[in-house]
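User: I would like to go through this model and ask what stands behind each label. Please give the cut-offs as you go.

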Amino acid sequence: MNCLGTNVRGEPCGAMVVGDDGYCAAHREGAADRLREASMLGGAATRAKNQTAGFRAGELPVLSDHASVKGNIEAGLNALAERRISHHELVAHIKGCETWLKVDSAQQTAKLITELQRELERAKRECDTLRKQLAERPSPFRTTRSVAP
Ligand SMILES: [Zn+2]
């Protein structure tokens with residue numbers, strides 16, 4: 001038996017009747033409410049499935065050197081293996097570690113440049129001092145001895 005309801009175009013529904021009221025599951029009384037409820041349950045199930053425990057406060061080592069970066073990456077991989085974080089969360093976590101390494105590298109380079117500039121300035125001053133001392137020394141080519149006639 002076909003449903004007594006009509007579709008959005010006003011045509012007979014045609015779906016199989018469920019129960020004894022002559023309507024299909026979509027057209028039975030309260031069907032809209034049941035559909036909305038099922039949809040909400042589906043959304044909650046999806047959220048629950050995507051919800052991960054994540055990292056606990058203080059679980060991750062503070063990023064301070066390369067060993068701590070390594071520790072953070074290992075903690076991320078373990079959390080993924082234990083299904084505490086999602087693949088996307090691991091990617092974001094590792095991206096954070098990479099960013100820290102880039103910033104650290106830039107800081108190290110800036111520090112090295114500053115040190116080299118100071119060393120260069122010291123070497124320049126030493127050269128100036130040596131040049132001055134050399135200029136003040138009596139020349140070995142200027143003699144006080146008179147040349148014989
Ligand atoms: Zn119907």
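Analyst: Burial is judged by counting C-beta atoms, placed from the backbone: a residue is buried if 20 or more others lie within 10 Å of its own, exposed if 12 or fewer, and partly exposed in between. This is a predicted model, in which local features need pLDDT of at least 70 and side-chain atom pairs count only at pLDDT 80 or more, while totals for chains, interfaces and linings use all residues. Residues are numbered from 1 along each chain as its sequence is written.

User: Why is Arg-83 called exposed?

Analyst: Arg-83 has 9 C-beta neighbours inside 10 Å, so it counts as exposed. Arg-83 sits in the loop between helix 2 and helix 3. The phi of Arg-83 is near 60°, a positive value in a residue other than glycine. Most residues other than glycine have a negative phi.

User: What makes Glu-89 partly exposed?

Analyst: Glu-89 has 16 C-beta neighbours inside 10 Å and therefore counts as partly exposed. Glu-89 belongs to helix 3. Leaving aside residues up to four places away in sequence, Glu-89 touches Thr-52 and Gly-54; contact here means C-beta atoms, placed from the backbone, within 7 Å. Between Glu-89 and Gly-76, 13 residues apart in sequence, the C-alpha to C-alpha distance is 8.6 Å.

User: How is Val-18 classed, and what does Val-18 touch?

Analyst: Val-18 has 14 other C-beta atoms within 10 Å, so it is partly exposed. Val-18 lies in the segment before helix 1. Not counting residues up to four places away in sequence, Val-18 touches Cys-24, Ala-25 and Arg-28.

User: Why does Phe-141 count as it does?

Analyst: Phe-141 has 5 C-beta neighbours inside 10 Å and so counts as exposed. Phe-141 is in the segment after helix 3. Its C-alpha atom is 77 Å from that of Leu-77, 64 residues away along the chain.

User: Why are helix 2 and helix 3 given the orientation they have?

Analyst: The axes of helix 2 (residues 66–81) and helix 3 come within 10 Å and cross at roughly 175°. Axes are lines fitted to C-alpha atoms, for helices over the stretch in contact, with angles from 0 to 180 degrees between N-to-C directions. Angles under 35 degrees count as roughly parallel, over 145 as roughly antiparallel, 65 to 115 as roughly perpendicular and the rest as oblique. Helix 2 and helix 3 are therefore roughly antiparallel to each other. Residues making the contact include Val-69, Ile-73 and Leu-80 of helix 2, and Leu-90, Ile-94 and Trp-100 of helix 3.

User: How many helices and strands does the protein chain have?

Analyst: The protein chain has 3 helices and 0 strands. Helices (H or I, at least four residues) and strands (E, at least two) are DSSP runs, numbered from the N terminus.

User: How do you know whether the protein chain is spread out or a compact globule?

Analyst: The radius of gyration is 41 Å, well over the 15 Å that the globule rule gives for 149 residues, so the protein chain is more spread out than a compact globule. The radius is taken over C-alpha atoms, and the rule is 2.2 Å times the number of residues to the power 0.38. Along its principal axes the C-alpha trace spans about 145 × 40 × 20 Å. Of the 149 residues, 5% count as buried.

User: What is the confidence of the protein chain?

Analyst: The mean pLDDT is 89, and 94% of residues reach 70 or more; pLDDT is the predictor's confidence in each residue, from 0 to 100. Among the elements, helix 1 (residues 31–50) has the lowest mean, 80, and helix 3 (residues 87–136) the highest, 96.

Key
Two residues are in contact if their C-beta atoms, placed from the backbone, lie within 7 Å.
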